[in-house]
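Thanks for coming. I'll go through one model this morning, starting with a helix and ending with the cores.

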Amino acid sequence: KITRLNDAAKSSLPEGHEVRQALDIAVNNAEELLHGRIESVAQKYLDALRNGDGSFFPDDRGLPNFLYFLSAQHFRTKGLREKLFEKSYPLGTSAYLEKTWNVVSHIFAGNLGWSLYAERKQHQLIILKNDTGIPLLTADQPTINIHAAGDDQPPERLAFYYPLSPRLAMLLLDELPQDQPTFSRQLTAAEVNAYNRTMVERSYQMVFSADRQQLESIQQKAG
């Protein structure tokens, strides 16, 4: 209802009108409240992963909530939103997508989350431990598909990499488990650098690190 009111106000009231401003704030607050609830439900799984425990995968009753959280994290970002808007311009659907994004993004996330849950037996949940001394980066696009190429071609497979801390990450890998569906392993320095490089490449505007010198080095390389 708020979204419909906001659309009606934008079509009938001048920019800067106090009603439009109030509705914009209401829409943003509702969006943040929803994401807060999604994150709250997923918190116990994130805490478990940070403690090196992935035993909830693949059979925990709440697993759909965690997979929805990952998918929502993927679709909520400004970078992905702008990329999808850009791709929709030639199709003539950009105006519709922009107006309905707050709703459509959750539809996309719900569809992806449910697909991941339905195919969970074909995935492995890997806890990646980082004792190299090189902090893992995160960014304003915190979930990345390691199968996506840098040429904007749509990937045929999906495997989510998601940093949990400077020394820990998770990888939802789209490969049938050889033995256990969940396990942990140590990252090499080369792997940490590769994941960090990909995180920087997929970021939109911001990269985050626990190490100031690491950020300064990234900034220097970016020019």
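First a definition: a residue is buried when its relative accessible area is under 20%, exposed when over 50%, and partly exposed in between, using a 1.4 Å probe and protein chains only. The model is predicted, so local features need pLDDT of at least 70 and side-chain atom pairs count only at pLDDT 80 or more, while totals for chains, interfaces and linings use all residues. Residues are numbered from 1 along each chain as its sequence is written, and side-chain values use heavy atoms, with hydrogens and water left out.

Helices (H or I, at least four residues) and strands (E, at least two) are DSSP runs, numbered from the N terminus. Helix H3 covers residues 63-75. Ten of its 13 residues are buried, so H3 is largely enclosed by the rest of the structure. Among those buried are Leu63, Phe66, Leu67 and Phe75. From first C-alpha to last, H3 reaches 19 Å, close to the 18 Å expected; that expectation is 1.5 Å times one less than the number of residues.

Now the sheet. Five strands form an open sheet in the order S3-S4-S5-S1-S6, with mixed pairing; two strands pair if DSSP finds at least two bridges between them. Strands S3 (144-145) and S6 (182-186) are the edges, each pairing on one side only. H3 packs on this sheet by touching S4 (160-165) and S5 (168-173), and its direction makes about 95° with that of S4. Axes here are lines fitted to C-alpha atoms, for helices over the stretch in contact, with angles from 0 to 180 degrees between N-to-C directions. S1 and S6 run parallel, joined by five bridges, and Ile127 stands opposite Ser184 in S6.

Where does Gln124 sit? Gln124 is in strand S1, residues 124-129. Gln124 is buried, at a relative accessible area of 6%. Its side chain reaches the backbone oxygen of Glu175 at 3.3 Å. Contact means heavy atoms within 4.5 Å, and beyond four places in sequence Gln124 touches residues including Phe57, Leu171, Pro181 and Phe183.

Last, the cores. A nonpolar core is a set of buried Ala, Val, Leu, Ile, Met, Phe, Trp, Tyr and Cys residues joined through side-chain atoms within 4.5 Å. The largest has 32 residues, and Phe56, Phe66 and Met170 have the most contacts inside it. Elements giving two or more residues to this core include H3, S1, S4 and S5. Apart from this core lies another, of 15 residues, among them Ile126 and Met199.

Methods: Polar contact = N/O pair within 3.5 Å; in protein donor to acceptor, adjacent residues only side chain to side chain.
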